[in-house]
Structure formats: C-alpha cells, structure tokens
Amino acid sequence: MLSFFSEANCSYFKFFTTGENANIFLRTTKKELSITAAVVSLLSITLMAMGSLCITMALSKGVEFLLKPASCFFIISGLMVLVTLEIFRQSVRCLITSNETIPLEYEYSWSVACAVSAGVILIFGGTCFILLSIPGLPKKPWEYCIRKRSTSEHTS
C-alpha cells in the first residue's frame, strides 16, 4: 500500500507490448503543486459559502450592505478557481515531462471546462452583485417597473 506523504513516485503507467515483455516506466508528480491546488480550492469553496450566506441575508432580511462583501467573495473565489486550474495544469505538465523516454499525448476532460466556466460565472455573478449594490440604482428594479406600469395604467 502506498502512503501519500512517504512515497515520492505515486503514478505508475504500464504499456504492454506484444508478447510477454512489458515496458513499465515511472512518472513522478510534484506533491507541492497538488497540495497547493487542494488548499486554494478549499479556500475558494469557503469564500463561495460566505458569499452565499451574505446574499441569503441580503435577500431574506433586506440587509443590502452585504451585497458588496458578497460580490467581493464571489469575484475572489472565481479568481481562485482559475488559479487552481492553472496549478493543476502545471502539475499535469510536470507529470508528463518527468520521464522523457516514452512521450505521452494527453488532453483535458470536460471537467476542466466545467471548472473554467464555474470560475467565469463566479466572476460574472460578483460583478452583477457589485452593480446591484450601486446606490443610484433602485434596490428592487422589478418592483420599480411594476409600480411604474401600474400607475400609468390607472391614469389612462
């Protein structure tokens, strides 16, 4: 059994050729990159939860001043998701180049595209909440439009 912290080489790839001879080669990862990506992603999830809590309080209790911290939490969380993906990309690059004897081709899966879109959506959502927290805008634009329409119908 391999221990996570005690082993330096944790990924084994096995390519079988025809016959009984097997070509086994060793690929190594950089554990520092993996641990860094895990810590940054956990901080990002924490910021997402704090932003969600602020938005819930702003919508349910009418505490509008929490929109600005929530937007900052979401924007920072989105940036941290993108940083985590870059760290992951560097980790994959180090894994592939750790043994140059047999070249490997690789491509990223759909989960990487989902993570990129999540980061972009978090940044976009944070920007929208910043726009909603601008003092000149009406607090509830849908009520403003409904009120304006209902007063114009009564006058005609």
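Helices here are DSSP runs of H or I with at least four residues, numbered from the N terminus. The model shown in these views is predicted.

View 1. The unreviewed UniProt entry carries the annotation "transmembrane region" for residues 35–59, 66–88 and 108–132. Residues 35–59 are 100% helix and 0% strand, and the C-alpha atoms at the ends of this span are 36 Å apart.

**View 2. The largest nonpolar core.** This core holds 16 residues. Cys54 and Ile55 are the residues with the most contacts inside the core. Two or more residues each come from α1 (31–61) and α2 (67–96). With 7 residues, α2 gives the most to this core.

**View 3. Surroundings of Ile55.** Leaving aside residues up to four places away in sequence, Ile55 touches Leu67, Ala70, Phe74 and Phe129. Ile55 is also one of the residues with the most contacts inside the largest nonpolar core.

View 4. Phe73 is part of helix α2. Its relative accessibility is 18%, so Phe73 counts as buried, the cut-off being under 20%. Residues touched by Phe73 are Leu47, Met50, Gly51 and Cys54, when those up to four places away in sequence are not counted. Between Phe73 and Leu47 the C-alpha to C-alpha distance is 5.4 Å, although the two residues are 26 residues apart in sequence. Cys54, another of these contacts, is named with Ile55 as having the most contacts within the largest nonpolar core.

How values were computed:
Residues numbered from 1 in each chain as written. Predicted model: local features only at pLDDT ≥ 70, side-chain atom pairs only at ≥ 80, totals over all residues. Heavy atoms only, no water. Core = buried A, V, L, I, M, F, W, Y, C linked by side-chain atoms within 4.5 Å. Buried < 20%, exposed > 50% of the residue type's maximum accessible area, 1.4 Å probe, protein only. Contact = heavy atoms within 4.5 Å. UniProt positions renumbered as here; feature names shortened; annotations may be inferred.
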